[in-house]
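This report is an introduction for a reader who is meeting the structure for the first time. Please keep the sequence and the 3D view open while reading.

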Amino acid sequence: IMYAGCPIFWSSKLQTEIALSTTEAEYIALLSAMREVLPFLNMMKEIHDVFPLQETKPNFFCRVWEDNRSCINVAENPK
C-alpha cells in the first residue's frame, strides 16, 4: 500500500488455502490483498472526517493489478 508516493504497508506470505487451479490461487491472493486495502481506505476517510485538513474531500481509490484473465473474469462477475 502506498500513500503520497511512499510505501506504508508491504507483505509477502504463503497462501494458507489449497487451490485446485491457478485461477483459484490468483483469486485467493487478490482477496487477501483487498482484505488489507479496504480497512485502510475506510480509515483514511474517517481521518479526513475527524481532521478536515483540506477544503475539498480527497478522493481515495485503489488500483489493483492482476494478470490472470480468468481471475479477472471471476472478480468482475461474482456468482
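Predicted model: local features only at pLDDT ≥ 70, side-chain atom pairs only at ≥ 80, totals over all residues.

V50 is exposed, because its relative accessible area of 57% lies over the 50% that the term requires. R35 is likewise a residue of helix 1, and R35 too counts as exposed, with a relative accessible area of 56%. Between R35 and L14, which are 21 residues apart along the chain, the C-alpha atoms are separated by 15 Å.

## A nonpolar patch on the surface

V50 also belongs to a nonpolar patch on the surface, which V50 forms together with M43, I47, F51 and L53. Taken together, these residues of the patch have about 550 Å² of accessible area.

## The largest pocket

The largest pocket has a volume of about 1200 Å³, and 35 residues line this pocket. Of these lining residues, I1, A33, M34, E36 and V37 are the ones that lie nearest the centre of the pocket.

Which element gives the largest share of the lining of the largest pocket? That share comes from helix 1, which contributes 14 residues, while strand 1 (2–3) and helix 1 each supply at least two residues of the lining. By residue type, the lining of the largest pocket divides into 22 nonpolar, six polar and seven charged residues.

## The loop between helix 1 and helix 2

E66 is placed in the loop that runs between helix 1 and helix 2, the latter spanning 69–76. With 21% relative accessibility, E66 counts as partly exposed, since buried is a term kept for values under 20%. Although E66 and Y27 are 39 residues apart in sequence, their C-alpha atoms are 9.3 Å apart in space.

F60 is found in the loop between helix 1 and helix 2 as well. F60 is partly exposed, with a relative accessible area of 23%, and this value falls in between the limits for buried, under 20%, and exposed, over 50%. From F60 to H48, a separation of 12 residues in sequence, the C-alpha to C-alpha distance is 11 Å.

## The salt bridge

How many salt bridges does the structure hold? The structure holds one salt bridge, and its partners are E76 and R69, whose closest N and O atoms are 4.0 Å apart.

How values were computed. Residues numbered from 1 in each chain as written. Heavy atoms only, no water. Salt bridge = Lys/Arg side-chain N within 4 Å of Asp/Glu carboxyl O. Patch = residues over 30% accessible without salt bridge, like charges linked within 9 Å, V, L, I, M, F, W, Y side chains within 5 Å. Areas by Shrake-Rupley, 256 points an atom, 1.4 Å probe, with all protein chains shown as cover. Buried < 20%, exposed > 50% of the residue type's maximum accessible area, 1.4 Å probe, protein only. 1 Å grid on protein atoms, 1.4 Å probe; cavity = no way out; pocket = protein on both sides within 12 Å on 5 of 7 lines; lining within 4 Å. Points joined across faces, edges and corners; volume = space filled by probe spheres on them. Helix = DSSP H or I, 4+ residues; strand = E, 2+ residues; numbered from the N terminus. Nonpolar A, V, L, I, M, F, W, Y, C, P; charged D, E, K, R; others polar.
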